[in-house]
Amino acid sequence: MNTYQTYEPSQIRELIRKKEITGPTSGFAEGFAQANLMIVKKELAFDFLLFCQRNPAACPLLDVLEPGDPVPRRSAPQADIRTDFPKYRIYRQGMLEEEVTDISAYWENDMVAFLIGCSFTFEHALMQNDIPIRHIEDNHNVPMYQTNIACEKAGVFHGPMVVSMRPIPAHQVARSVQVTSRFPSVHGGPIHIGDPAMIGIADVDKPDFGEPSVIKEGEVPVFWACGVTPQAIVMHTKPDIAITHAPGHMFITDQRDQKLGVL
């Protein structure tokens with residue numbers, strides 16, 4: 001069992017704030033939704049909001065904060081997005097400048113933060129259906145890949161979709177589709193099943209983000225749209241500054257994952 005599987009979201013966030021948790025959060029606070037992060041200047045916020053609306057599989061919105069407000073009042077009103085992710089990425093002109101564990105020094109009053117649904121959220125439901133999650137079993141970050149699937153352009157934002165991959169036993173693939181399709185606000189069902197080359201992935205053992213997962217005999221690689229997509233978009237769009245989470249290092253919300261499910 002993951003050490004933090006049974007912790008409350010507020011406990012996880014406190015440990016993150018204290019820098020006692022700085023790694024990936026898959027399996028943490030089981031039963032609660034996790035979120036990706038995208039922060040842009042107010043002048044680009046409408047374009048990114050429109051981008052999310054046009055690309056809901058990759059960027060399903062959980063919360064949008066008011067300009068200059070670091071408190072996610074709808075999803076975790078006691079939290080602070082400047083300190084409560086284990087690790088952040090600072091992009092300038094589309095280039096990754098650095099990774100940090102606190103963005104208070106970078107925060108400006110005209111910044112707008114977007115919290116985007118994360119597929120870590122539906123992993124609890126998969127495990128409840130006895131579907132194994134390899135990166136949790138092997139204690140590593142989920143593998144993520146840039147694809148040849150183009151997102152629909154919105155304003156200045158354009159670029160490729162990023163996907164996460166989980167090896168699923170062949171006889172459980174249909175069930176994994178059924179289970180995850182109930183959660184459209186955290187990427188929903190898979191966007192591709194099987195041959196990675198068909199979506200532009202040359203080597204499934206060499207992810208662009210995260211770490212590779214072993215695909216065992218009798219398993220099929222299954223790919224879900226991923227909330228790291230905004231980082232690929234930033235690399236293509238090259239805004240003056242954008243702040244994101246580090247891939248796999250998520251925000252733990254107070255929202256129950258089952259409340260995000262479609263019955």
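Visitor: What makes the meeting of the side chains of Gln231 and Thr244 a polar contact?

Guide: Their separation is 3.2 Å. A polar contact is a pair of N or O atoms within 3.5 Å; within protein, one must be able to donate a hydrogen and the other to accept it, and residues adjacent in sequence count only if both atoms are side-chain atoms. The side chain of Gln231 also reaches the backbone oxygen of His245, at 2.8 Å.

Guide: A word on the background: this is a predicted model, where local features need pLDDT of at least 70 and side-chain atom pairs count only at pLDDT 80 or more, while totals for chains, interfaces and linings use all residues. Residues are numbered from 1 along each chain as its sequence is written, and side-chain values use heavy atoms, with hydrogens and water left out.

Visitor: Which residues does Gln231 contact, leaving aside neighbours within four places in sequence?

Guide: They are Arg89, Tyr91, Thr244, His245 and Pro247. Contact here means heavy atoms within 4.5 Å.

Visitor: How do you know whether Asn36 is buried or exposed?

Guide: Asn36 has a relative accessible area of 1%, so this residue is buried. Asn36 belongs to strand S1, and its side chain makes a polar contact with that of His245 at 3.0 Å. Among the residues Asn36 touches are Phe85, His187 and Met250.

Visitor: And what makes the phi of His187 worth a remark?

Guide: Most residues other than glycine have a negative phi. His187 is not a glycine, yet its phi is positive, about 90 degrees. The residue lies in the loop between H5 and strand S8 (192–193), and its relative accessible area of 3% makes His187 buried.

Visitor: Where is Asp130, and is this residue buried or exposed?

Guide: Asp130 is in the loop between H3 and H4. At 63% relative accessible area, Asp130 counts as exposed. Its phi is also positive, near 60 degrees.

Visitor: What makes helix H3 mostly covered?

Guide: H3 spans residues 120–128, and seven of its nine residues are buried. They are Phe120, Thr121, Phe122, Glu123, His124, Ala125 and Leu126. Among the elements they pack against are strand S7 (160–169) and helix H5 (173–181).

Visitor: Why are H3 and H5 called oblique to each other?

Guide: Angles under 35 degrees count as roughly parallel, over 145 as roughly antiparallel, 65 to 115 as roughly perpendicular and the rest as oblique. H3 and H5 pack at about 130 degrees, with their axes 9 Å apart. Axes are lines fitted to C-alpha atoms, for helices over the stretch in contact, and angles run from 0 to 180 degrees between N-to-C directions. The two helices are therefore oblique.

Visitor: Which residues meet where H3 packs on H5?

Guide: Phe122, Ala125 and Leu126 of H3 meet Ser176, Val179 and Thr180 of H5.

Note on methods: Buried < 20%, exposed > 50% of the residue type's maximum accessible area, 1.4 Å probe, protein only. Helix = DSSP H or I, 4+ residues; strand = E, 2+ residues; numbered from the N terminus.
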